[in-house]
Amino acid sequence: MNWQKAYQAADFVFYCLLINVTVIIGALVGGIIFGLAPSVQAGFHVAKKTLKQESPPFFQTFFGYYRRNFWRSNRLGLPIILFYLCPMVVIQQGFLAALTQTGLILLIVSQCVAIAVINTLHSMYEYYVLPTKKYLGASLRFLFFQPIGTFLGVLWFGICSTISFFLPGLLPFLSIGMWIIGTMGIYLKLFDENEQKLKQQKDAGQPVEREEEEIEHGIEMAQK
């Protein structure tokens, strides 16, 4: 038996559990509506630390980041929660059976786009320093820069959601943490590749696209 792989798997599950539980606690502390965005963002932050093999005090890091970024995270996530996620829950609960085939297709496509934006937005907030109002636009543009990576992020969300659907007992313990760690891992690789591409273009004297300029030279939030 490969004990190193077993240890790594156990470590991964443990961090998923920690992130999962603290995200739920953070959401409850903020009354769900106001607590969801900052708790998920704090989850992405500690996931980034974990993936970079840093070992800060977990709970102190999570809740300190949650407190410091509470209102800024809500400025990013609250419009999505109020104007998309809440109406989507209402539609699925009350009108899903009445939707036509075209309406159902549009619903699925809109959900995939929303998931892609949410994945990119939370991950980008941990990698790039931008004015708050520019994160949403930059995340939308990044979808077109990395369509395959964006698809992988949506696919990972789908895998986590499917597992949670068939094993709902995992949702309070692992599903959210699995989604956050997996998504942050995908996007760290995408952003690193984007930085390398920009560096190669500049070294070769090639012009850099304007939208790429707006998100180049990534700076981690922890370095601010």
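How many disulfides does the count come to? The count comes to zero, with a disulfide taken as a pair of cysteine sulfur atoms within 2.5 Å.

## Ground rules

This is a predicted model, so to speak of local features takes a pLDDT of at least 70 and side-chain atom pairs count only at pLDDT 80 or more, while totals for chains, interfaces and linings use all residues. Residues are numbered from 1 along each chain as its sequence is written, and side-chain values use heavy atoms, with hydrogens and water left out.

C86 comes out as partly exposed because its relative accessibility is 32%. C112 gets the label partly exposed too, because its value is 36%. For the labels, buried is under 20% relative accessible area, exposed is over 50%, and partly exposed is in between (1.4 Å probe, protein chains only).

## The largest pocket

The largest pocket has a volume of about 1400 Å³. Of the 40 residues that line it, L85, I115, I118, F157 and S161 are the closest to its centre. Here is how that works: on a 1 Å grid over the protein atoms alone, a pocket is an open set of points where a 1.4 Å probe fits, with protein on both sides within 12 Å along at least five of seven lines, and lining residues have an atom within 4 Å of a point. Grid points are joined across faces, edges and corners, and the volume is the space filled by probe spheres set on the points.

Which elements give two or more residues to the lining of the largest pocket? They are α1 (3-29), α2 (36-51), α4 (70-94), α5 (101-127), α7 (147-166) and α8 (171-203). The largest share, 11 residues, comes from α4. Helices here are DSSP runs (H or I, at least four residues), numbered from the N terminus. By class, the lining has 29 nonpolar, 11 polar and no charged residues. Nonpolar covers Ala, Val, Leu, Ile, Met, Phe, Trp, Tyr, Cys and Pro, charged covers Asp, Glu, Lys and Arg, and the others, Gly among them, go down as polar.

## Helix α1 and what follows

α1 has 27 residues and spans 39 Å from its first C-alpha to its last, close to the 39 Å expected at 1.5 Å a residue; the expected span is 1.5 Å times one less than the number of residues. Its buried residues are C16, L18, I19, N20, T22, V23, G26 and A27. After α1 comes G31, with a positive phi near 75 degrees.

## Positive phi in the loops

Most residues other than glycine have a negative phi. I32, not a glycine, has a positive phi of about 65 degrees. I32 sits in the loop between α1 and α2 and is partly exposed because its relative accessible area is 42%.

Q53 is another residue other than glycine with a positive phi, near 60 degrees. Its place is the loop between α2 and α3 (58-68), and Q53 counts as exposed because its relative accessible area is 72%.

## Two buried side chains with polar contacts

Y135 belongs to helix α6 (residues 135-145) and is buried because its relative accessibility is 0%. A polar atom of the Y135 side chain lies 2.6 Å from the backbone oxygen of Y128. A polar contact is a pair of N or O atoms within 3.5 Å; within protein, one must be able to donate a hydrogen and the other to accept it, and residues adjacent in sequence count only if both atoms are side-chain atoms.

S164, in helix α7, is buried because its relative accessibility is 12%. A polar atom of the S164 side chain lies 2.8 Å from the backbone oxygen of C160.
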